[in-house]
Structures are given as structure tokens and as C-alpha cells.
Amino acid sequence: MTAAPPAIARPDAPAPAPAPGRRDTRARRRRRRRENLPLYIAISPFYLLFAVFGLFPILFSIVLSFTDWDGMGEISFVGLAQYQFLVTDDRFWNAVGNTFIIWILSTVPMLFLAMAIAFLLHQNIRFTPLYRVAFFLPNVTSMVAMAIVFGSVFSDTFGLVNSAMTALGLDAVPWLSSPWGIKITIAAMVIWRFTGYNAIIYLAGLQSIPTDLYDAARVDGASLLQVFFRITIPLMRPIILFTVITSTIGGLSLFTEPQVLLGDGGGAGEAGMTIVLYQYNQAFTQFDFGYGSAIAWALFLIAAVFAIINWRLVSGRGDGPARRPRARKDSRR
Amino acid sequence: MLGAAGLMPLAAAGCGSPETISEDPSELVMWYWNRSASPELLDQASSAIPGTDKHVRADVIGTNFDTKLRTSLAGKAYIPDITYINSNNALYFTNEDLFLDLDELGADAVKSDFYEWKWELGITPKGRFCFFPLDIGPTGFFYRQDVFEDAGLPSSPEDVSAAITTWEDWIALGAELKDSAGSFLVNDAQNIFEGYLNSSPERYFDTDDNALYLEDGSAVRRAWDVTITAIEAGLTAKIPRDRGTDQNAAWSSGRTAGNIGAAWWTQILAESAPDTEGSWRIASQPVRAGNNGGSFAALPHTCKDPEAALAFLTWINSPSNQALAYEDVQLFPSTPDSFTDLSYSGTFFGDQDPLDFFSTAAETVPTSFISAWETMIGGSFTFEIANVETTGKDPDQAWADALSQAERVLTKRGVEV
């Protein structure tokens, strides 16, 4: 038995050639490099821009978080002082608490609403494309214009909501000056903006469920509720997880809504101060770049914990990642 | 990562980027923001600064002015030759070496043209004169004459001024206003706290970094007490300033009938509450007028031609040119002589002349010192004032929290108090 052919050969593998010389390999490598060069050049703008505007600032913010710097003078190294300050900073923990409360207040109703809307849009109704556009529209609306509208609607003394409530015989709520009012208003802005976005994703998921499953269930005599909970929800699980993940990312980095609604200070009692808004506040209104960077990395740690939890949730059952839809990344932030 | 934005200049440092913006040796680049200089005068300076062979290229820097200026200074690249700086010039005291001492260039020669207190605000703790006076913001008590009249209160500017010579009298007047007209004296408590401090010769620190606010009976504490009294009497409408729409609605409807405002507020008010034309008047605020706002100009250490740059600053801020700038973009002059050339013709304040009022008020503004540290801790106090006002926090607890927060921030920034 001499020179037995390899048991498993790739079908497209070239016939084994006589052992190539060193010069051959180098030439081939050079040729391949030349062939691939246009491809590398074609994709380089992203990596160059990312290196300059993404990677460098990220790495530099690690350095800055160990320094005290006002943005123009000397950068002085202070070791872990910024982080020591951070763990005992009530304002930071208040911001963490606010962020999570607003996240829960917005994400839970938003995803339920989105599912309901998607379910309705999935029915055979007229003008479905129109509805889809209508529900998605808030997602592309200018945030500043939206903040003005919400500010007027929820205004304590002159707002539409309070006028309606007093007309109905209820007490007016200080939406923009009480701790819970502020959080609910911000959550309402988030819900208004992202429900349609999530509904569209759910709709795509609903449409990918084969109809023969429903037919079979109907033949077996399943009720509508059973169909929904035994077929729709289990098959939608990866998609629901996807929206939970994007909502978590968006919720943790919540900034624009409170900033345009309440200004850099986060409103009365800092009830609308989120982590990212606090970071912005420290870095760009207090010019404390060292502390701002430390907050950024604290947020990174919190986000990492959530990423791990999400990852566990998804990979735990095995069927998750494979079916994750290739939806556009959430553009919130 | 948002915190990392704006740190790019370090990459540019040392990479051979030019320090100044323009390569033309006869062109001085100036940074300013909209309506901080008269376009007509800038146009003249763009051909030549009078008395020199240099000219000015004025670039409007939009939002985040301070961040952009810091960025260029930190990166040591593309630094303007002349820069305007807002009333937060104290933010730059810790890096005053980045700016030229204008006295060394002979700025003294025009010192007597300006209100002395404004000139003093441009002097750093080390005694260097780095910040040249532009406009000012003398303050007064704006009020709705119609609401005051209906409430049976004094209503002419003279009578109101006479009735509120002390803060206690002012609060008493506010209580009467509340009782008989149901209107608030001001929109938010911060307006009182800052209105008090802005008219006080003493603020948070002195030039030797002594923490005056910690002493018994300090101006900060007195401002705090007056503000708390007003909050407890229910004289504030609890509408913070970041909700401008609500504030305007309150003033337009008469729900709030007053405001301690600076000269520049006359125009804002006329634009935001046009329906109230003729209803507003301005009275002297308790004790004496203060100053709120007003900008400065500085020459970064890289300035191509400091003499010509200073010549530009003295020219554009001469009494006659400041009068022109007032007519052009309503910058309130920092030179008393400007007012001889000016007259007011509007009717928003009825027969009252706000120009006359504020130029008189400007004479009484005290000389004070705003410390760089104040810019770091002032927010702790206004934050706690807002807590007392809107969430009903216990004032003693709020004061203690403001002090401890201030101390923490100062310690972190390396300031011993």
C-alpha cells in the first residue's frame, strides 16, 4: 500500500502537487496578497475611522479614568481615586437606580404593546402597509421636536394630560417635578418611540412561523389561546429575547430622552438622571473627564453583567442563537 | 462611549499640526458665538483692525463652545488667536497660563472706560488680567404691573422699588401678592438664590481660596435662608428653568408675576411673551443690583500678534462701538459712556425705559470674585434648593447635604477647604 489517497478529500481540493518549493509559496502568497489588496482597501475606511473615532477614545478613556483632567490642563494620575469616589457617590447610585426603574417602566409595557400590535397587523386586515409605516414613524422622528411635544403634553400646570385628568375629576399629577412623574414621562417617551420598531420585528417573526403548524393545531382542535401560547410564543422566543437584549442595551444607555426633556441636570431631585446623562454631565458640563470616564467604565461593567445574563438565557436552551433574526441593530442612543 | 468623545486632540498633539488656525500672518482668527459680537463691526475688522495692518477672521463656533476651546488648547493645535468666553470665565482660572496677561500688553490704558466691577471679574486669582470685558448683565426685579395693581400692591417702578429695599420686604410683598392675586413671585427658587448671590460682594471663595461659604453668616448661607423663607411661604411656582415652555406660560398667564432678571432678559421676555406687552415693569431688586451673565474675550498664549489682538478688543469695546453693538445685537454695554449715545424706543415696558433703568442699576453692582471652585460646587447648592422646593426636603438636611457634596467634589478635584 503506497501513497494511499487521503480518506477524506475536499471535493474542490486541487490534485496533490509535487512538494512546492519555498519560492513558490512565497510567490503565491504575494500574489494572493495582491489579489486581496483591493478588498482590504475597500473595507479599510470603516476600520480606519473606527480606530480613530472608536477604538482610540475607548482605550484612552481607560487611561483617563485613572487621572484627573479638566480637558485642557495637565493630566494628573490619581490611581483608583475616581473609582473610589464612584462607589460612594450617591448621585451615581441614584442614576443607576433611575436607569433601571425607567428601563423596567418602559421595556415591559413596550414589548407587550409591540406584541399586541404585531399580532393585529399579522391578521388579514386592510391597509397593513400603511399601519406598519405609521407604527414605525415615531422611531425616525426628531427627538428634540418630540421632547417639546412631550414637555407640553405632560406640563404640570399647562399640560394636556393634566387638563384631561382634571376634566375627568382626577387630581393633576406633577409629571415633570415629582420623582415618579419624571420617570413615567421618560418611559412614555421611550415607549412611544420604540414600540413600533419592536412591533415590526415581532411581525417579521410571526410571518416566519409556518402556517401548517397552525393548520395542524386547528385540526387537533386547539383553541386560539392554546395556539398562541403553545405555538406562537415558543417559536417567537428567540425573537422576544432579541428585543429584550436590544431594549436592555438601549435602556442602560438611555440619554437623549431625559436630556432633551429635562436638561443636563436630570430634573427635580435628579429623578430623571440616568447613568449616561450623569456621565455627560460630569465630563462636559463639569469638565471632570477622569470621573466621566470612570462612570463610562462602571456602565460597561453593568452592561457586561447583563450581557452575560442574556447570553445565558439565550444559549441555555440551545435553540436560541440560530434563530435570531438578522434585524438591524437598535439605533437607540 | 460618550465620555471619550472630545479627547481626540491628544492624538493630534505632537503630530505637527499647526498651533494657530490661519497661516496668513496678517490674519487673526477669532472664535465667538452668534450674537456675541456686532456683525457690522466684525465686518469692518475683517478688512483691517483700525490702527493696525492686521485683520480679523471671525468664526462662529456653535454649540459646546467651551469643549471646543478646551479641545484646541489641550491638543495645542488650531488654537484661535482671539477667543470670546462666556460669563463662566472662572472655569479657565486653573489654566490661566494658557492665556496672556492683557495688562502686560497695556490694557490698563482703557480700564477707566469700564465699570470697575466688570473689569475686576476678568482678573485671575493670581492677579493677572486675562479676560477683557465685553457685555454685562445688571439685574433688576421684573414684575407684572397689571397683576400687582389688581392685587392692590404698589405698582409703579418707584413704589415697588421703595417697597422692596430688603429681601424680607420683598418676601412680604410676595406673600401679599400670593394672598390677593394668587400669583407667584418667581418661577423657581434658584432665581432667588442666584439673584441674591449675584448682588453680593461676597460669594463662595475669596481670591486666596478661603472657603467663605463655610463661615457662619456667610453670603451663601444668607442667600440660602432668604430662599428657604420664600419657598416655605409658597412664593415660588416650582417651575425649574430647564422647562422654558412652562416658565413662559406662567409669565404670560400672570400665574407668575415676577422674575429677577438681567438686562438681556428684556429681549427674551419680549420675544417669549409678546402678548404681555405693556404689562411689565422693572424695579430695583432688594439691597442692590447684581450681575448675571456678560461675556469676556481672551488671548490664548499662542496668539500670533497680541498687540494687534488687544487693539481689536479695545476698538470693538470702545464706548461708541458698544453702543453700536447694543443697537445691532442688544449686547448691554460695559462702558458707562455708551449710554450717552443710546436711547430706547420700545413700548414693551410701557413708559419705562429699561436702558435707563439698567445703566443706573449697573452703577450699584458690587465688585465680587467668582472662583474656579465655585463653578464646581455651586450646583450642589442649587440642586439642594430645588430639592427643598419641589420634593419638600428638610432644609437643614438639604444644607448639610449640599455642604458634604461640595466637600466631596472639592476633595476629589484636589482642593483643600
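What percentage of the 333 residues of chain A count as buried? In this predicted model, where local features need pLDDT of at least 70, side-chain atom pairs count only at pLDDT 80 or more and totals for chains, interfaces and linings use all residues, the value for chain A is 42%, with buried meaning under 20% relative accessible area (1.4 Å probe, protein chains only). Residues are numbered from 1 along each chain as its sequence is written, chains are lettered from A and ligands numbered from 1 in the order in which they are written, and side-chain values use heavy atoms, with hydrogens and water left out.

View 1. Of the contacts in chain A with a separation of 6 or more, 67% join residues 24 or more positions apart, where contact means heavy atoms within 4.5 Å. Not counting residues up to four places away in sequence, A:Phe100 touches A:Leu252, A:Ile302 and A:Phe306.

**View 2. B:Leu73 in helix H3 of chain B.** Helix H3 of chain B, which spans residues 65–75, contains B:Leu73, a buried residue with a relative accessible area of 2%. When neighbours within four places in sequence are left aside, B:Leu73 is in contact with A:Met72 as well as with B:Ile79, B:Leu98, B:Phe99 and B:Pro300.

**View 3. The largest nonpolar core and B:Phe381.** A nonpolar core is a set of buried Ala, Val, Leu, Ile, Met, Phe, Trp, Tyr and Cys residues joined through side-chain atoms within 4.5 Å; the largest has 155 residues, and B:Phe132, B:Trp170, B:Tyr213, B:Phe312 and B:Phe381 have the most contacts inside it. Helix H9 (residues 219–232) of chain B gives the most to this core, with 8 residues. At least three residues of this core come from each of domain 1 (2–136 + 293–341) and domain 2 (139–289 + 369–412) of chain B, the domain bounds being taken from an automatic or database domain assignment. Leaving aside neighbours within four places in sequence, the contacts of B:Phe381 include B:Phe193, B:Tyr213, B:Trp224 and B:Trp399.

**View 4. Helix H8 of chain B and its cover.** In helix H8 (residues 189–198) of chain B, 9 of the 10 residues are buried, so this helix is largely enclosed by the rest of the structure. Among the buried residues of H8(B) are B:Ile192, B:Phe193, B:Tyr196 and B:Leu197, and what covers them includes helix H7 (167–181), H9, strand S6 (258–262) and helix H15 (374–391) of chain B.

**View 5. The two domains of chain B.** The centres of domain 1 and domain 2 of chain B, taken over C-alpha atoms, are separated by 31 Å. To the contact between these domains, domain 1 of chain B contributes 11 residues and domain 2 of chain B contributes 10 residues.

Key: Buried < 20%, exposed > 50% of the residue type's maximum accessible area, 1.4 Å probe, protein only. Helix = DSSP H or I, 4+ residues; strand = E, 2+ residues; numbered from the N terminus.
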